[in-house]
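These are my notebook entries on one structure. I looked up its overall form and two places where parts touch.

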Amino acid sequence: MTHIAICTPEISYGDAVSSDVLGMFNILNEQNLKVGIFAENILIKDKTIKNIDFISDFIKYRKDLIIYHHSAGWFKGLNLLTSLDCKKIIKYHGVTPPDYFYGFSRDHVETCKGGIEQLNIIANLDLEMYLNDSRFDMVEMISKGAKASKCFIVPPFNNIGRLKGLKPDFFILEKYNGKEVNILSVGRVAPNKGFIELIDAFALYNKYFNKESRLIIVGDKHPRLSAYIDFLYDRVRYIGFDNSIVFTGKVNDEQLKSYFLIAKIFALTSHHEGFCLPLVEAMSMKIPVIAYGSTAVADTIGDGGIVWGDLDINLIASTINEVVTSEDVYFFLGEAGWRRYKNNFTNKIIKEIFLSVIGKYL
Amino acid sequence: MKRIAIVIQRCHEKVVGGSEAEAWHYANLLKEDFKVHILTTTAVDSERWDNVLPEGDEISNGICIKRFKVSQGRADYWGEICKQLLDEFNNVRSKSSTKLVKRLIEWPTALQEEFIYKQGPYSDDLMDFLSEKGEDYKAIIFLTCLYPTTYFGMFHVPRGKIIFVPTLHDEPPIYLSVYKYVAKRSRIILWNTESEYRFGRLLWGELPGCVVGMGVETKESPPAELNFPYILYCGRIDINKGCAQLIDYFLKFKKDCPSDLCLVLTGDNRTKLPTTKDIVFKGNVPEVKKLELMSGASIFIMPSPNESFSIVTLEAMAQKTPILASNGSEVVIEHVKKSDGGLLYSGYEGFKTGINFILENKHEAKDMGEKGRKYVIKNYNVGKIFKKLKDRIESFD
């Protein structure tokens, strides 16, 4: 029987790449295939996940398969890709360009640079297949040298079914579900996410349209990005919105769900996304989505939300107001998002796409 | 033969419930002209929605009942969300004007849906079925507003096929604004009574719809032969149906006005009934037995403030039994006032006076009975309801 190793530099709960890895594992396992997850940093308790150093005990034959998740520089992983004699499929999640991190974090610059350099190598290895989270990622992969005939779009598996079943955190519901309109954004607090523009857009909305509003930014605050985080905080203080803007830091799934539940609008002004799973999570819950359509964002939202081609904070602020104040627009947009999710991004649909694309290697 | 689907949260002969009875009634009315499928869950109990019945098809009385397993029953913590909703409801009500539309609870959609979803019963398989097969039906009738089978189900089928039977009554969850949105998604709304229609318009605005209601059994039954005079209540014996107050009032009445009068109760009991010979609990009784009990009762009592149609009140009227009803439910008030088939009470004194008046004035009581029956025959005979329903469905071509 073919052995399938799913490889990723790090596995944890709550990040998009890990959700995709675990989703793939479950689907392949359901097919009664011999499948394992191999990672260098294992941050979840699961005995079935093995250290990457043990992969050669599992992948022994040419017919065996590695599914390699690429989103950042990982030298050990790249060495395996070039040294192991087996079939190889890449799952590409996008690499954030290093430029965003200059002046904030040398480590992030190096990791992203490594990711881009390795992307150039991987794309030219002429492997069996290149699966990409989005059209944006696929175009990038082809531009780096991968053969178009070997490139496919396979959206990442998600955690939405699990979120749906969780008990919410009632402390959050009681604290934030009040008269204020909550505008939510989810994503790690990093310079490519465009939070400065989001804060400015929110400030306009709050000042000119609705004083009773709040911006909640849910996402991990990495210590190595403290310079950027301090910069954001200074901005919030400078414009005098300390009481209306909340940075939650890293949250667990129950808390994440609760922030979605109290959100009236999901807003995104990110400059770079390879897919943006939180958009799909918001759409699945009928939360109207308003976004700046950079990189993969427009393709992920499709006709399920309002996407602006320019990052104009006046436009974002007035769009929020329009959606919040018009009952019909509000519900229509929520339903449009849900329909986008239902028709394109349920795990059932992603499973069909995934298995049909990689079927010949199983 | 064209297909009609009726979506209802549960369907089984053991189930007692107004909307469930209405779904079954519509299915039976339509089965001669259409191939009727009842789409429902495997649940029977409405407190937890556990999977009890087998999944799959059952043919009953010529109707195909398709049962789908419940994937989300009542969540343990649903009461906590419910409490937040009640707080919000009271908060909005205390601030708002008398306009009902201003009282809508404008929670974010995701939170409103969490309340509906975790209330249960939700069935992934039923939703998949509606998505895949909804197009095959000429019309899909969704019964009762509050439950996830209706709310979420309506998003899975083409809007042009939706007939919505909300069975509205004035209770806090109905003020969630998402219900207004799903009501707008329907092609037509069928109301059970004029008062429900008025309430719906005040709450959701003007929407396409008409009053249809249910047909009521009008064949006269022989009176049940009990060895004592009795007041009858039929339906769920529940605090929300006003039954705790009914029992308190009745026991006080017996102290104030001693006699051999008893209170007879039929239906699912969800309260602790006092042990006394004055209160006779008969549990769930067959339809025939229920009509006989109605026919033999001195008074049919309706204490519930939460009725959307109150079929039992109409059934008792059809058996010429005078009605004594609390003035808490718009629809029951409408039945009593339009028919002159009974009296309304408010508070214990009204309750006591009402009973004594009916028991002591045989001629007036008989007259109420006659008028009640006339009202039911005129407005709720089965043929008339069938024609209204069929005309609406035919208009979908």
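I began with the radius of gyration, taken over C-alpha atoms, and the globule rule of 2.2 Å times the number of residues to the power 0.38. Chain A has 21 Å, which agrees with a compact globule, because its 362 residues would give a radius near 21 Å. I noted that the C-alpha trace of chain A spans about 65 × 40 × 40 Å along its principal axes.

I recorded that this is a predicted model, in which local features need pLDDT of at least 70, side-chain atom pairs count only at pLDDT 80 or more, and totals for chains, interfaces and linings use all residues. Residues are numbered from 1 along each chain as its sequence is written, while chains are lettered from A and ligands numbered from 1 in the order in which they are written.

I then looked up burial: 49% of the 362 residues in chain A are buried (20 or more other C-beta atoms within 10 Å of the residue's own, with C-beta atoms placed from the backbone).

Next I turned to a helix pair (helices are DSSP runs of H or I, at least four residues, numbered from the N terminus). Helix 1 (residues 16-30) and helix 15 (residues 347-358) of chain A pack at about 70°, with axes 11 Å apart. The two helices are therefore roughly perpendicular (65 to 115 degrees). Helix 1 of chain A contributes Gly23(A), Met24(A) and Ile27(A) to the contact (C-beta atoms within 7 Å). Helix 15 of chain A contributes Asn347(A), Lys351(A), Phe354(A) and Leu355(A).

Last, I found that the contact between the chains takes 16 residues from chain A and 12 residues from chain B. Helix 14 of chain A supplies the largest share of chain A's side, 3 residues.

Methods: A residue is buried if 20 or more other C-beta atoms lie within 10 Å of its own, exposed if 12 or fewer, and partly exposed in between; C-beta atoms are placed from the backbone. Two residues are in contact if their C-beta atoms, placed from the backbone, lie within 7 Å. Axes are lines fitted to C-alpha atoms, for helices over the stretch in contact, and angles run from 0 to 180 degrees between N-to-C directions. Angles under 35 degrees count as roughly parallel, over 145 as roughly antiparallel, 65 to 115 as roughly perpendicular and the rest as oblique.
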